[in-house]
Amino acid sequence: MDQKTQLIQKLQDRICSVESGPRAGSEQTISSGCTALDRLLPAGGYQRGSLVQWITGGGNGADYLSLLAAKEACHSGGSLVVIDQANQFYPPAASAIGLPLERTIILRDQAARTLVPASARNKTESLEDNDFLWSIDQALRCPAVAAVWGPMDTIDARWFRRFQLSAESSGCLGLFVQPLSAASSPTWADVQWQVEGLSSRDRRPFLEPDRNEQPVRLTLSRCRGTFAGKTVCLGINTVTGDVQEARRNHESTNRLPVVPQLVHPTASRQPA
Amino acid sequence: MAAASPLAMRAGVSVAMPLVEAKSLLQGVQQKIPQSSLQSQQKIQKSRSDGMTEPQVSTWGKGVSQRTSRGATLGGMRKSANDFHLLPYQPAEDRFALEAMADSLESYSPIVGLESFDELRPAKKYSPECILMDVTGLAHLFGDEQRLAELATEHCQQAGYLVRIVIADTLGQAWAIARYSRRQFPVVLEQEPSAAQKTTRCGTALCAGLLTPHELPVESLRLPAEMVDTLSQLGICTVSQLERLPRAELAMRFGHAISLRLDQLNGVVDEPVIARRLPPEFQRHQSLDFPTCHRETIETIATRLVQELCQQLRSSQRGALQWRFTLDRVEGESIEFTIRLFQATATPADVLPLLAMHLEQALQPHTGRFRKKHFRNRMPDTPDSEHRKPNTENRKPEPSVQMIRTMSIDIQDVTVAVTSSNLLAQHQRRLFDENPHADQQAITSLINRLTSRIGGSNVVCAKLQANAQPEYSFRLQPLVEARQRRAARTRKRSHLFARPLRLFHPPRELQACSNLSTSESFPGTSISCPPALLAYEPSGAGDPRAHPPPEKVTRVWGPERIETGWWRGRTTCRDYWRVETEAGNHYWIFRNLRRQKWFVQGEF
């Protein structure tokens with residue numbers, strides 16, 4: 001058995017080394033900020049130098065969950081770079097959840113007012129896009145930056161690969177919050193989460209959420225070293241910011257009609 | 001009245017006159033002023049006084065006379081005699097224009113300043129009225145002082161201003177003559193004349209009988225208004241009368257102000273001109289004997305100048321915060337660009353990569369095709385190659401072909417200046433410092449590169465502000481301007497998620513898509529319930545969520561009323577709600593109580 005386990009581990013390591021290059025600080029793991037998510041990840045968290053994608057439709061807590069990981073990454077003293085091309089980042093809310101604003105660099109694009117997809121942009125704007133993507137790449141490459149976080153549109157495959165190589169070389173954690181259209185695009189991210197709010201119909205297997213709870217469902221659609229497709233339902237407490245796994249409604253699933261049968265047993269004649 | 005055109009002043013309008021009186025004067029002047037006096041364009045004369053109230057805007061001249069021509073415009077003021085316009089006095093714009101004019105006069109003197117603030121005239125701090133230039137020792141460069149004054153006058157007239165230029169031995173004399181003399185300008189005041197030769201040169205002719213500074217009124221001494229009133233009550237109206245009085249008695253009665261001003265007028269007390277922009281302390285310049293169109297040559301020259309300046313900075317224990325590069329062309333405007341740094345540095349390696357980046361951006365519009373240059377066993381020609389000793393020890397095999405980028409313009413001068421510097425901060429690194437995250441140098445280098453590429457206004461840090469309105473609760477500051485960043489003090493709220501992480505600015509209006517979307521009020525209150533359906537204006541074309549379907553609201557939290565900003569104009573009055581939709585999405589919406597409309601401000 002030990003030999004088999006060792007063989008599997010060896011094969012996994014070889015696959016891992018083929019998929020990605022050597023990472024700076026790869027032995028260190030960064031918690032996602034939520035134990036339920038850490039349990040789903042093979043190393044119990046994100047490896048330094050990795051890219052994490054958060055695919056969301058908006059308004060379902062993806063920003064908060066991803067910033068929790070950024071906050072964990074900055075614990076050891078590095079800087080945080082925020083990508084804010086759409087000029088929507090709200091620093092007071094970020095400060096309230098514990099992000100160090102004095103160590104935060106915000107990259108903006110004053111010319112862009114909205115997050116317009118690359119396909120809808122004019123050709124003349126491509127130079128500005130390249131400048132902005134170059135800036136993100138430089139931030140990922142800097143060893144003094146602990147994490148790069150921000151909403152982004154669909155990323156070109158070549159730039160994405162550059163981001164991956166830059167993050168691996170510096171040990172920086174890249175957290176990109178992207179729209180639903182990015183789910184079908186090629187990706188170089190190590191981990192990809194799909195985030196969606198729990199509708200009232202989807203909440204039936206769970207206990208009714210607290211009044212101050214925002215229920216969300218996360219699906220691990222891509223992760224190196226483990227199987228994809230795992231799902232977890234979380235509740236974000238809007239008062240304290242705690243993230244807990246949603247409690248299942250056990251009564252509705254495991255209820256057994258024991259008592260009525262004892263009261264009215266169906267007598268079965270046993271042969272003597 | 002803050003200022004008036006020469007025509008209006010000739011009609012009797014003066015500075016500090018009440019507006020009503022000025023209007024009645026101008027109303028009567030339309031019949032009297034001859035058309036022959038309007039041969040050339042006239043503009044408003046920049047002559048201000050202190051403490052003026054803002055007049056009302058009025059074009060009352062429309063109905064004054066049927067003969068009024070409509071030729072007057074706001075900027076060019078090509079006026080007819082019967083068309084006077086009253087414009088509001090804007091001190092800030094006035095000052096900006098004065099500063100711009102002062103900067104443009106630097107080609108005549110390196111020391112150009114504005115009328116400075118002093119304790120005797122505190123109002124001048126915010127509304128200087130004249131430009132001061134130190135032209136000591138510069139007259140020979142323009143011929144003589146008269147020629148210098150004429151050139152400066154022409155320069156100002158081309159910019160659209162009527163000016164009074166006086167060259168005198170002291171600032172006080174020049175100021176007094178410019179204000180209170182009524183002769184043709186420019187005026188060059190000679191050295192203190194004898195009693196028999198009280199003349200000054202005016203234009204190209206000698207005019208006798210012109211007022212000397214000592215014959216000017218007491219107001220020309222720049223004394224406080226109440227002091228001037230007291231002197232006039234005592235019958236003292238001219239400077240010469242004041243000079244005949246004993247100084248001790250004047251000091252006993254009025255303090256040191258009059259003695260000081262008299263000494264400044266006569267040159268006994270020095271009154272230097274405070275330059276608005278001092279010439280940079282660290283500057284290097286290279287003139288090319290033959291103008292060049294090779295970009296590599298320009299870069300080589302600029303690199304060498306940067307290295308020399310860094311050496312000079314290091315010897316002064318200073319580091320550069322801002323560099324200015326100027327490339328003077330043979331024909332056309334100079335090419336100028338600035339490099340701003342996050343931290344003061346005297347290391348060329350910190351600046352040269354940024355210089356290469358900026359140089360490429362600045363010369364990109366003028367760069368032509370690549371050209372091959374062949375070399376035969378010798379080093380490529382550079383402007384200073386003749387000064388270099390041949391280095392045969394480390395001689396590398398030279399390429400036989402070099403690609404040279406040629407430009408469509410010729411550069412003849414390269415100037416590199418450090419426009420802002422600071423003392424170099426010395427840091428001692430710990431022996432076993434293995435934590436790369438504490439490497440401030442790496443962050444500094446990153447900020448410098450990002451600023452150079454995408455601009456300082458796009459690389460910012462956030463500072464929280466105490467303001468209830470979400471849009472004004474923070475401000476963004478370019479990192480190259482933020483020297484010290486401290487930990488922000490966050491206002492504690494009952495809910496960690498009282499505010500969303502994404503804020504839409506401007507807020508997006510909710511659309512009424514059905515009867516269900518109309519809001520009702522809580523019974524017995526004026527507080528409106530959030531709408532039952534959420535559908536808002538898309539942010540822009542191509543947005544993936546450009547046309548989101550209406551979402552039904554299932555849960556709401558609130559309201560939170562924010563009423564603030566009365567000092568900014570109209571008070572902002574909003575009722576904020578947090579809503580959860582059927583899809584499980586959370587939004588932050590508010591109702592504008594003034595406009596009675598719903599908006600989406602953010603999403604959680």
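Helix 12 of chain B comprises 15 residues and spans 21 Å from its first C-alpha to its last, close to the 21 Å expected at 1.5 Å a residue. The expected span is 1.5 Å times one less than the number of residues. Helices (H or I, at least four residues) and strands (E, at least two) are DSSP runs numbered from the N terminus.

The model is predicted: local features need pLDDT of at least 70, side-chain atom pairs count only at pLDDT 80 or more, and totals for chains, interfaces and linings use all residues. Residues are numbered from 1 along each chain as its sequence is written, chains are lettered from A and ligands numbered from 1 in the order in which they are written, and side-chain values use heavy atoms, with hydrogens and water left out.

Among the buried residues of helix 12 of chain B are B:Ala442, B:Ile443, B:Leu446, B:Ile447, B:Leu450 and B:Ile454; buried means under 20% relative accessible area, exposed over 50%, and partly exposed in between (1.4 Å probe, protein chains only). Just after helix 12 of chain B, B:Gly455 adopts a positive phi of about 95°.

**Helix pairs**

Two packed helices are described by the angle between their axes and the distance between the axes. Axes are lines fitted to C-alpha atoms, for helices over the stretch in contact, and angles run from 0 to 180 degrees between N-to-C directions.

| Helix pair (chain B) | Angle | Axis distance |
|---|---|---|
| Helix 8 (residues 247-254) and helix 9 (residues 257-266) | about 130° | 7 Å apart |
| Helix 11 (residues 348-363) and helix 12 | roughly 10° | within 10 Å |

The angle makes helix 8 of chain B oblique to helix 9 of chain B, whereas helix 11 of chain B is roughly parallel to helix 12 of chain B. Angles under 35 degrees count as roughly parallel, over 145 as roughly antiparallel, 65 to 115 as roughly perpendicular and the rest as oblique.

Contact means heavy atoms within 4.5 Å. Helix 8 of chain B contributes B:Arg247, B:Leu250 and B:Phe254, which meet residues of helix 9 of chain B including B:Ile258 and B:Leu262. By class, this contact has 5 nonpolar, 1 polar and 2 charged residues. Ala, Val, Leu, Ile, Met, Phe, Trp, Tyr, Cys and Pro count as nonpolar, Asp, Glu, Lys and Arg as charged, and the others, Gly among them, as polar. The contact of helix 11 of chain B with helix 12 of chain B has 2 nonpolar, 5 polar and 3 charged residues.

An open sheet of 11 strands, with mixed pairing, has the order 11(A)-10(A)-9(A)-8(A)-3(A)-7(A)-6(A)-4(A)-5(A)-12(B)-13(B). Strand 11 (243-245) of chain A and strand 13 (474-478) of chain B stand at the edges, each with a single partner strand, so one side of each lacks a neighbour in the sheet. The twist averages 30° from one strand to the next. Two strands pair if DSSP finds at least two bridges between them.

Strand 6 (residues 145-151) and strand 7 (residues 173-178) of chain A run parallel, joined by 5 bridges; A:Gly150 has A:Phe176 in strand 7 of chain A as its bridge partner. Helix 12 (residues 440-454) of chain B packs on this sheet, and its direction makes about 15° with that of strand 5 (104-108) of chain A.

A further open sheet, of 6 strands with antiparallel pairing, has the order 14-19-18-17-16-15 in chain B. Its edge strands are strand 14 (502-509) and strand 15 (533-534) of chain B.
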